[in-house]
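The sequence and structure are shown below.

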Amino acid sequence: WSNKDSKNDEKLQEKIFSSSSTKQGNGQVQPNCAALYELLQSSKFDRAFWEDEMNVRDCLRIDYKRFQVSPPSPTTTTTSLAFGMSSVLLPMDSLVYKKEGGMASFQKEAQDYMESVNVNLLLILSMTIVNDEAQREMIVIGKGDNIVKDVTKYLLESDDAAFLECAEKKNDIAVVGDDSDGSDKIPMKWFIQGNTKGSRKQ
């Protein structure tokens with residue numbers, strides 16, 4: 001949670017270890033599970049925590065998963081692909097424009113993170129609650145072999161991904177370059193997910 005101090009800590013302890021907490025036979029107090037769950041949930045979606053207390057790298061690594069995709073067949077010369085998936089609980093705009101450098105700074109931070117975890121493809125999945133409605137966005141970052149173009153085609157054209165109802169968000173994300181511009185930057189695409197109930201992790 002954000003902006004903690006000693007008084008906040010005392011209030012949290014009182015709420016979790018209140019009179020409704022269960023005292024076990026050994027004298028230890030069982031925390032109030034409902035209060036603890038409520039606290040963890042509110043902390044999880046605390047926008048100040050995501051925006052003010054964590055940098056881009058922290059946001060990318062706090063809920064990060066790595067996947068290894070095997071070659072199509074044992075005889076193929078295609079190497080396996082490792083890709084990462086970072087789930088964040090803040091609007092994508094807030095993540096991308098965390099630093100003064102805006103999109104360019106975000107691109108550099110994301111690229112550095114990809115190199116540190118050794119993946120060529122990173123999916124950033126954003127989920128927020130606005131007026132009790134889920135809002136979902138996705139950024140695809142990749143390098144080499146037109147990988148972002150392939151993922152984009154899959155999300156926008158494949159029947160398998162149609163249930164997500166993805167639409168590309170047009171903005172200044174072009175500053176990060178594309179597969180053919182010869183720059184040292186890596187291509188990125190930003191999508192809005194129309195079907196907010198669809199799981200992107202399938």
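## A charge over a ring

K169 lies over the face of W190, at 4.2 Å from the ring centre. A charge is taken to sit over a ring if NZ of Lys or CZ of Arg is within 6 Å of the ring centre and within 35 degrees of the ring normal.

## Basis of the model

The model is predicted: local features need pLDDT of at least 70, side-chain atom pairs count only at pLDDT 80 or more, and totals for chains, interfaces and linings use all residues. Residues are numbered from 1 along each chain as its sequence is written, and side-chain values use heavy atoms, with hydrogens and water left out.

## Overall composition

The protein has 7 helices and 8 strands; these are DSSP runs numbered from the N terminus, with helices being H or I of at least four residues and strands E of at least two. Of the 202 residues, 36% are buried. Buried denotes under 20% relative accessible area, exposed over 50%, and partly exposed the range in between (1.4 Å probe, protein chains only).

Among contacts (heavy atoms within 4.5 Å) between residues at least 6 apart in sequence, 59% join residues at least 24 apart.

## Aromatic pairs

The structure holds 3 aromatic pairs. Rings of Phe, Tyr and Trp (its six-membered ring) pair if their centres lie within 6.5 Å; planes under 30 degrees apart count as stacked, over 60 as edge-to-face and the rest as tilted. One of these pairs, F49 and W50, is edge-to-face, at 6.2 Å centre to centre and 80° between the planes. Both F49 and W50 are buried. F49 belongs to helix α3 (residues 47–52) and has 19% relative accessibility. Its C-alpha atom is separated by 9.6 Å from that of L90, 41 residues apart along the chain.

F67 and F83 form a stacked pair, with 5.2 Å centre to centre and 20° between the planes. Because F67 lies in strand β3 (residues 64–69) and F83 in strand β4 (residues 81–88), this pair ties together parts that are 16 residues apart in sequence. F67 is partly exposed, with a relative accessible area of 32%, whereas F83 is buried at 15%.

Helix α6 (residues 102–117) has 16 residues and should span 22 Å at 1.5 Å a residue, which agrees with the 23 Å between its end C-alpha atoms. The expected span is 1.5 Å times one less than the number of residues. Its buried residues include M103, F106, A110 and M114. Just after α6, N118 takes a positive phi of about 60°.

A161 is placed in the loop between α7 (147–157) and β7 (166–168). At 1% relative accessibility, A161 counts as buried. Not counting residues up to four places away in sequence, A161 touches Y154 and L155.
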